[in-house]
Amino acid sequence: MSTLAVIARREIRLALRNRSALITAFIFSIWFPVMSALSIAVGADGDAAAVTAGIATITLPVAVFLGYIFCADAFLREKRDGTIETLLCAPVSLQRLWEGKAAGVTVPAYLMMLLSAAVSIAAISGLTGVSIAAEPLLLLHFAAVVPVWIAASAGLIGAAQLALGMRENQILGFVFIFGFIFLIVLFQQIVPAGSGISAATEAVLAVVGLALLALARFIAGKVTKERIVRTIP
Amino acid sequence: MEKSLFFTSREEIYPYVSHRSCGKYSPHNPRYLPHSLSILHRAVPEEEAGVNAVEVRGLSRSFDGREILRDVSFAVGHGEIFGYLGPNGAGKTTTIRILLGLLAPGAGEVRVLGRDLTADDDARARVGVLFENNGLADRMSAADNLAYYAGLYGVEEPAARIDDLLALVDLADRQDDPVGTFSTGMKRKLGIARAILHRPEVVFLDEPSSGLDPGAQRMVRDLIIELSRREEMTVFLNSHHLDEVQRVCSTVAILAGGRIRAFDSVTNLTAASGRPAVTVALADPGERARACETVEGLPFVTGCEPDGDALHCTLADPGATPDLVATLVGANFRIEEVRRSSRSLEEIYLEHVGRVEDGA
């Protein structure tokens with residue numbers, strides 16, 4: 001097994017045993033889509049295409065936030081308790097360590113996102129009576145675009161948590177909450193109600209996601225072991 | 001044949017280091033005396049012959065304008081148990097972090113197994129480390145934690161190795177329990193097992209007894225000696241538990257005020273008290289004062305004072321002990337025991353650290 005798989009598998013196992021993170025993610029995965037379903041149902045006014053677009057739109061910030069929840073365990077906790085220092089001494093590059101952790105965060109966040117999407121579809125279907133078909137673009141959205149966004153957000157947040165001190169990480173947490181709200185508003189502007197989901201919007205989202213992933217990789221490549229060790233509390 | 005980058009031998013810079021103990025045993029505990037050096041010493045690759053396990057030369061490092069390490073130099077031979085002593089904040093952990101490539105040196109050079117570990121994955125695979133944090137995930141079982149590191153280090157036949165180590169550290173019956181349910185001592189034992197899981201040639205132990213009760217400290221101490229003997233590795237022990245270091249280590253360096261204040265074998269350091277001295281235990285301790293009066297005028301005795309139930313005599317000449325004993329016996333004192341006095345590592349440590357604190 002490659003070291004990337006070893007690291008990712010461990011992070012997945014740890015995430016699945018982290019009761020508090022799982023409960024937080026579970027509540028968020030249920031609560032947020034149910035609350036969003038109301039506004040989507042009103043805005044779509046029975047239009048199946050608008051409902052599909054609404055679901056696709058809302059799943060991205062949800063996915064990013066779920067990534068943030070699991071990052072706290074994979075990156076920040078290990079830094080806070082000093083475990084990261086031992087890992088940095090292993091015969092694995094910092095880049096590979098970051099990749100493995102980001103991959104390990106992506107899997108549970110993605111599973112939770114699928115739960116959230118299912119809840120969204122069920123809630124909106126129940127409220128509007130609109131039957132949401134297994135539209136290929138929506139499936140593509142869940143299968144390809146969303147995982148890239150989760151990986152990108154996990155990578156960016158993880159790199160930041162490794163590089164920043166504890167106080168800066170607290171500030172990052174607040175910034176992220178506001179960023180989350182901003183992201184929802186932004187998506188609502190980009191994908192207006194009634195416009196539906198299109199290959200163009202999916203392509204744009206995929207390209208932006210990949211660009212964010214590349215940015216995360218670039219930033220992680222700039223983080224040094226010295227920077228991490230000197231910001232361990 | 002590649003030679004050491006820094007020193008062709010330790011004696012080159014530390015000519016007073018005459019005692020090159022093998023370090024696979026406590027010099028104070030004959031139980032660990034080696035049967036044969038050739039059996040005990042792990043084979044050093046031919047290309048690394050002449051290279052010390054750890055080399056530090058002219059190392060300096062500052063943080064935010066504060067100089068932590070100043071021109072620190074020392075070397076640790078293969079197979080030694082090396083004690084790195086110093087008060088809190090002296091720079092011990094900083095030295096280890098620089099050696100492990102986690103921090104960059106401000107000036108000077110460091111090598112472990114002749115290599116710079118900063119970006120050398122192969123060399124890092126030959127080194128183990130235990131920081132104050134044990135590097136374990138509380139939510140994973142003991143066996144799973146070790147399996148993770150076995151995967152990172154590419155340990156061959158990991159299951160057998162893990163079983164072996166868990167049995168060694170007496171945790172076999174708890175291998176499936178989450179580490180979060182372990183006591184501090186159990187976590188420490190598991191941390192040591194983790195640090196040596198991949199059979200490193202050099203292992204860095206940073207305060208392995210920190211926060212442990214005396215029983216657990218002894219357990220860790222015995223474990224270090226046992227592992228060193230069994231696994232045949234160089235041990236770099238960073239500690240301020242002087243008793244532990246004196247019992248376990250063959251060589252020590254004392255770091256204070258950012259500089260190395262002493263570097264020698266424990267035997268040499270504790271024996272070098274300036275003047276030879278002996279402690280004489282009398283059958284009747286009540287005669288100590290009279291015995292002192294008897295020997296104080298002798299030309300080869302420079303001083304005599306009661307020391308507990310015995311006499312502590314300093315001598316002008318180390319060969320004068322028989323003359324001292326003959327004088328006491330001739331004066332009808334009954335002697336129970338005569339032993340050569342040596343200072344404890346604690347005395348030596350406090351002397352060096354005290355000098356620094358006094359600004360000397």
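Visitor: Let's start with accessibility: is B:Glu157 buried or exposed?

Guide: The general idea is a cut-off: over 50% relative accessible area a residue is called exposed, and under 20% it is buried. B:Glu157 reaches 64% relative accessibility, so B:Glu157 counts as exposed. Keep in mind that this is a predicted model.

Visitor: Where is B:Glu157 found in chain B?

Guide: Look in the loop between α5 (142-153) and α6 (158-168) of chain B.

Visitor: And what is there to read in the phi of B:Glu157?

Guide: General idea first: most residues other than glycine have a negative phi. B:Glu157 isn't a glycine, yet its phi is positive, about 45°.

Visitor: Which phi value does B:Asn332 have?

Guide: B:Asn332, another residue other than glycine, has a positive phi near 70°. You'll find B:Asn332 in the loop between α12 (321-330) and β13 (335-340) of chain B. With a relative accessible area of 64%, B:Asn332 is exposed.

Visitor: Now the other end of the scale: is B:Thr251 buried or exposed?

Guide: Its relative accessible area is 1%, so B:Thr251 is buried. B:Thr251 belongs to strand β8 (residues 251-256) of chain B.

Visitor: Zooming out, how many helices and strands does chain B have?

Guide: Chain B has 13 helices and 13 strands. Buried residues make up 52% of its 360 residues. For the fold, look at sequence separation too: among the contacts in chain B with a separation of 6 or more, 71% join residues 24 or more positions apart. As for the surface, chain B exposes about 15400 Å², with 46% of that supplied by carbon and sulfur atoms.

Visitor: On to the interface: how many residues of chain A are in contact with chain B?

Guide: On the chain A side there are 26 residues, in contact with 29 residues of chain B. Area is a second way to read an interface. The two chains bury about 2600 Å² between them, and 55% of that is on carbon and sulfur atoms. In chain A, the residues that lose the most area to chain B are A:Thr86, A:Cys89 and A:Pro91, together 24% of what that side buries.

Visitor: How many salt bridges are there across the interface of chain A and chain B?

Guide: The rule finds six salt bridges across the interface. One to pick out joins the side chains of A:Glu226 and B:Arg61, at 2.7 Å, N to O. The elements that give two or more residues to the chain A side are α1 (3-16), α3 (48-80), α4 (83-88) and α9 (225-230).

Visitor: Which element gives the largest share of the side of chain A that touches chain B?

Guide: That's α1(A), with six residues.

Terms used: Residues numbered from 1 in each chain as written. Chains lettered and ligands numbered in written order. Predicted model: local features only at pLDDT ≥ 70, side-chain atom pairs only at ≥ 80, totals over all residues. Heavy atoms only, no water. Helix = DSSP H or I, 4+ residues; strand = E, 2+ residues; numbered from the N terminus. Buried < 20%, exposed > 50% of the residue type's maximum accessible area, 1.4 Å probe, protein only. Contact = heavy atoms within 4.5 Å. Buried area = accessible area lost by both parts, 1.4 Å probe. Salt bridge = Lys/Arg side-chain N within 4 Å of Asp/Glu carboxyl O. Areas by Shrake-Rupley, 256 points an atom, 1.4 Å probe, with all protein chains shown as cover.
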